[in-house]
Amino acid sequence: MASTKVTVVTGGNKGIGLAIVRALCKQFKGDVYLTARDPKLGEASVKKLQEEEGLTSHFHQLDITNLQSIRTLRDFMKKKYGGIDVLINNAGIAFKAADTAPFHVQAEVTLKTNFFATRDVCTELLPIIKPHGRVVNVSSMVSQHALAKCSPDLQEKFRSETITEDELVALMEKFVEDTKNEKHSQEGWPNTAYGVSKIGVTVLSMIQARKLTKERGADGILLNACCPGWVKTDMAGDKAPKTPDQGAETPVYLALLPIDAEGPHGQFVSEKKVGKW
């Protein structure tokens, strides 16, 4: 099976993730894996795609906040396919505006999933991305808005082309700590845990892309962050203008960049165009 191409979508059982799986089932020449934390929900989505649309996908359990779960998926992909051709890191959470959880709790929980768990997935799975592989980290336009509300000092750090992964991790940890000490505003942070988590995802993508170029430049792997847009989902609400299928367009475009494409790489992409960071 190592000659069969394979794509993995995290958080694939609903919303944008499911729409990405649907599009890849139609366009990707290989096996498409829908992953989800809850096997019942994941398997139900695979079954629904098959029965209602005649689309064949596969299920593998993945809880991105559980390191062992990530490693189990890694070992499975390595053994069955010899690695991964396309990885789309879509799994994430957002608190509703009306949620009464204290801000420091929202910050800790949101960053744990959206930034730290996504980073863990990349740490474990990037080494098994095959030559000419594609990696798409689903970020958000909210990361741009949140960046604009950061202090000039933080903006400079997040825009730096020499920031390291360790430095980024330290900044994300500092944000969580600052919210606990109720001093995040005076330390230059915006008042959005989701926005900061997605700043982390966008900057992490840029760091990882530079690292891939340096260590595996000849392999032609392209890695980008993207914004799917404001999409009608459980997470974003029903006032959003885009359908999940429309939200899937940019992530799928990046996932299916042709084998001879030289870019985009290490960029923030929205509406299939490289955006300003």
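Hi everyone, let's start at one residue: E165 sits in helix α7, which covers residues 165-180. Helices here are DSSP runs of H or I with at least four residues, strands are runs of E with at least two, and both are numbered from the N terminus. Before going on, a word on the source: this is a predicted model, so local features need pLDDT of at least 70 and side-chain atom pairs count only at pLDDT 80 or more, while totals for chains, interfaces and linings use all residues. Residues are numbered from 1 along each chain as its sequence is written, and side-chain values use heavy atoms, with hydrogens and water left out.

Back to E165. Is this residue buried or exposed? E165 is buried, at a relative accessible area of 18%. The cut-offs are under 20% for buried, over 50% for exposed, and partly exposed in between, with a 1.4 Å probe and protein chains only.

Which side chain does E165 meet in a polar contact? The partner is R119, at 2.7 Å. A polar contact is a pair of N or O atoms within 3.5 Å; within protein, one must be able to donate a hydrogen and the other to accept it, and residues adjacent in sequence count only if both atoms are side-chain atoms. Setting aside neighbours within four places in sequence, E165 touches R119, T123, L204, I207 and Q208. Contact here means heavy atoms within 4.5 Å.

Now look from the other side of that pair. R119 belongs to helix α4, residues 103-125. With neighbours within four places again left out, R119 is in contact with E165, D166, V169 and L204. For R119 and L204, the C-alpha atoms are 7.7 Å apart, although 85 residues separate the two along the chain.

Helix α4 also holds V105. V105 is partly exposed, with 31% relative accessibility.

Let's move to helix α8, where T202 is placed. T202 has a relative accessible area of 0%, so this residue is buried. Beyond neighbours within four places in sequence, the contacts of T202 are S139, S143, A225, F268 and W277.

Most residues other than glycine have a negative phi, and most peptide bonds are trans. Where does E182 lie? E182 is in the loop between α7 and α8, the latter being residues 193-216. Its phi is positive, about 55 degrees, although E182 is not a glycine. E182 counts as exposed, at 71% relative accessibility.

K272 is not a glycine either, and has a positive phi of about 65 degrees. You will find K272 in the loop between β7 and β8 (273-274). With a relative accessible area of 43%, K272 is partly exposed. Then there is the peptide bond from G263 to P264, which is cis, with omega near 0 degrees. P264 lies in the loop between α10 (249-255) and β7 (268-270).

Finally, let's zoom out. The protein chain has 10 helices and eight strands. Its radius of gyration is 18 Å, close to the 19 Å that the globule rule gives for 277 residues, so the chain is as compact as a globular protein of that length. That radius is taken over C-alpha atoms, and the rule is 2.2 Å times the number of residues to the power 0.38. Along the principal axes, the C-alpha atoms fill a box of roughly 55 × 40 × 35 Å. Of the 277 residues, 51% count as buried. Among contacts between residues at least 6 apart in sequence, 74% join residues at least 24 apart.
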